[in-house]
Amino acid sequence: MKRTELTEIQQRVLLFLLENNGSAFRDISDKTESNPNAIKKAIDELMELGLVYDKKEDTFPRRRLIFLTDYGKEVAKKLKEIVSIMEESTKHPQRPSVEV
(Lines give C-alpha, C1' and ligand atoms only; values in the text may rest on other atoms or scores of the structure.)
Protein backbone atom coordinates (compact mmCIF):
# COMPACT_ATOMS: atom_id res chain seq x y z
CA MET A 1 0.00 0.00 0.00
CA LYS A 2 1.40 3.39 -0.98
CA ARG A 3 1.68 6.20 1.52
CA THR A 4 -0.79 9.01 1.11
CA GLU A 5 0.91 11.49 3.42
CA LEU A 6 3.77 13.73 2.36
CA THR A 7 6.62 14.66 4.66
CA GLU A 8 7.56 18.30 5.10
CA ILE A 9 10.65 17.84 2.92
CA GLN A 10 8.62 16.12 0.19
CA GLN A 11 6.20 19.06 0.28
CA ARG A 12 9.10 21.53 -0.01
CA VAL A 13 10.46 19.64 -3.03
CA LEU A 14 7.06 19.60 -4.78
CA LEU A 15 6.46 23.30 -4.17
CA PHE A 16 9.97 24.18 -5.34
CA LEU A 17 9.59 22.12 -8.52
CA LEU A 18 6.23 23.69 -9.25
CA GLU A 19 8.08 26.97 -9.79
CA ASN A 20 11.42 25.47 -10.93
CA ASN A 21 10.60 22.27 -12.82
CA GLY A 22 13.63 20.47 -14.20
CA SER A 23 15.97 21.60 -11.44
CA ALA A 24 19.25 19.96 -10.55
CA PHE A 25 19.37 17.92 -7.37
CA ARG A 26 21.92 20.32 -5.79
CA ASP A 27 19.76 23.37 -6.59
CA ILE A 28 16.77 21.75 -4.90
CA SER A 29 18.86 21.01 -1.81
CA ASP A 30 20.37 24.50 -1.70
CA LYS A 31 17.19 26.49 -2.40
CA THR A 32 15.02 24.51 0.03
CA GLU A 33 17.80 24.75 2.62
CA SER A 34 17.53 21.03 3.25
CA ASN A 35 20.06 18.34 3.98
CA PRO A 36 21.17 16.68 0.69
CA ASN A 37 20.63 13.19 2.12
CA ALA A 38 17.09 14.09 3.19
CA ILE A 39 16.40 15.56 -0.26
CA LYS A 40 17.70 12.42 -1.97
CA LYS A 41 15.43 10.26 0.19
CA ALA A 42 12.45 12.57 -0.43
CA ILE A 43 13.01 12.54 -4.20
CA ASP A 44 13.34 8.75 -4.24
CA GLU A 45 10.07 8.43 -2.32
CA LEU A 46 8.33 10.97 -4.60
CA MET A 47 9.52 8.92 -7.58
CA GLU A 48 7.97 5.78 -6.04
CA LEU A 49 4.70 7.71 -5.66
CA GLY A 50 4.83 8.74 -9.32
CA LEU A 51 5.05 12.45 -8.49
CA VAL A 52 8.51 13.16 -9.96
CA TYR A 53 10.97 11.65 -12.40
CA ASP A 54 14.62 12.30 -13.11
CA LYS A 55 16.62 12.75 -16.28
CA LYS A 56 20.36 13.09 -16.73
CA GLU A 57 21.63 15.90 -18.87
CA ASP A 58 23.16 14.90 -22.19
CA THR A 59 26.07 17.27 -21.81
CA PHE A 60 28.79 17.52 -19.20
CA PRO A 61 28.53 17.66 -16.19
CA ARG A 62 25.47 15.40 -16.66
CA ARG A 63 23.52 16.68 -13.70
CA ARG A 64 20.49 14.79 -12.44
CA LEU A 65 17.47 16.96 -13.24
CA ILE A 66 14.20 16.43 -11.37
CA PHE A 67 10.82 17.02 -13.02
CA LEU A 68 7.22 16.85 -11.83
CA THR A 69 5.02 14.32 -13.56
CA ASP A 70 1.56 15.49 -14.63
CA TYR A 71 0.23 13.89 -11.46
CA GLY A 72 2.98 15.63 -9.46
CA LYS A 73 1.99 19.00 -10.94
CA GLU A 74 -1.62 18.39 -9.94
CA VAL A 75 -0.63 17.47 -6.37
CA ALA A 76 1.82 20.40 -6.09
CA LYS A 77 -0.83 22.89 -7.27
CA LYS A 78 -3.27 21.61 -4.64
CA LEU A 79 -0.55 21.74 -2.01
CA LYS A 80 0.25 25.34 -2.95
CA GLU A 81 -3.44 26.18 -2.66
CA ILE A 82 -3.62 24.64 0.81
CA VAL A 83 -0.50 26.51 1.95
CA SER A 84 -1.97 29.76 0.63
CA ILE A 85 -5.25 29.20 2.50
CA MET A 86 -3.38 28.44 5.71
CA GLU A 87 -1.14 31.50 5.35
CA GLU A 88 -4.19 33.68 4.74
CA SER A 89 -5.94 32.31 7.82
CA THR A 90 -2.96 33.19 10.00
CA LYS A 91 -3.14 36.78 8.74
CA HIS A 92 -6.84 37.02 9.54
CA PRO A 93 -7.60 34.66 12.40
CA GLN A 94 -11.25 34.01 12.93
CA ARG A 95 -12.78 33.30 16.26
CA PRO A 96 -14.58 30.01 16.34
CA SER A 97 -18.31 30.37 16.55
CA VAL A 98 -19.85 28.89 19.64
CA GLU A 99 -23.48 28.03 19.86
CA VAL A 100 -25.13 28.22 23.26
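1. A polar contact here is a pair of N or O atoms within 3.5 Å; within protein, one of the two must be able to donate a hydrogen and the other to accept it, and residues adjacent in sequence count only if both atoms are side-chain atoms. On that criterion, the side chain of Glu57 makes a polar contact with the side chain of Arg63, at 2.9 Å.

2. The model is predicted, with local features requiring pLDDT of at least 70 and side-chain atom pairs counted only at pLDDT 80 or more, while totals for chains, interfaces and linings use all residues. Residues are numbered from 1 along each chain as its sequence is written, and side-chain values use heavy atoms, with hydrogens and water left out.

3. The secondary structure of the protein chain amounts to four helices and three strands, where helices (H or I, at least four residues) and strands (E, at least two) are DSSP runs numbered from the N terminus. Along the sequence, the pattern reads α-β-α-α-β-β-α. Of the 100 residues in the protein chain, 28% are buried, with buried meaning under 20% relative accessible area, exposed over 50%, and partly exposed in between (1.4 Å probe, protein chains only). Among the contacts (heavy atoms within 4.5 Å) in the protein chain with a separation of 6 or more, 47% come from residues 24 or more positions apart.

4. The three strands form an open sheet in the order 1-3-2, and the pairing is antiparallel; two strands are taken to pair if DSSP finds at least two bridges between them. Strand 1 (23-24) and strand 2 (52-56) are the edge strands, each pairing on one side only. Between strand 2 and strand 3 (residues 64-68), the antiparallel pairing runs over five bridges, and Asp54 has Ile66 in strand 3 as its bridge partner. Helix 3 (residues 36-48) packs on the sheet, where it touches strand 2 and strand 3, and its direction makes about 115° with that of strand 2.

5. How do helix 1 and helix 3 cross? The axes of helix 1 (residues 8-19) and helix 3 come within 9 Å and cross at roughly 75°, the axes being lines fitted to C-alpha atoms, for helices over the stretch in contact, with angles between N-to-C directions running from 0 to 180 degrees. Helix 1 and helix 3 are therefore roughly perpendicular to each other, a label covering 65 to 115 degrees, whereas angles under 35 count as roughly parallel, over 145 as roughly antiparallel and the rest as oblique. In this contact, Ile9, Gln10, Val13 and Leu14 of helix 1 meet Ala38, Ile39, Ala42, Ile43, Glu45 and Leu46 of helix 3.

6. With a relative accessibility of 18%, Glu57 counts as buried. Once its neighbours within four places in sequence are set aside, Glu57 is in contact with Arg62, Arg63 and Leu65.

7. Leu79 is located in helix 4 (residues 70-91) and is buried, at a relative accessible area of 11%. Although Leu79 and Leu15 are 64 residues apart along the chain, their C-alpha atoms are separated by 7.5 Å. Neighbours within four places in sequence aside, Leu79 is in contact with Gln11, Leu14 and Leu15.

8. Glu33 has a positive phi of about 50° although it is not a glycine. Glu33 is found in the loop between helix 2 (25-31) and helix 3, and is exposed, with a relative accessible area of 72%.
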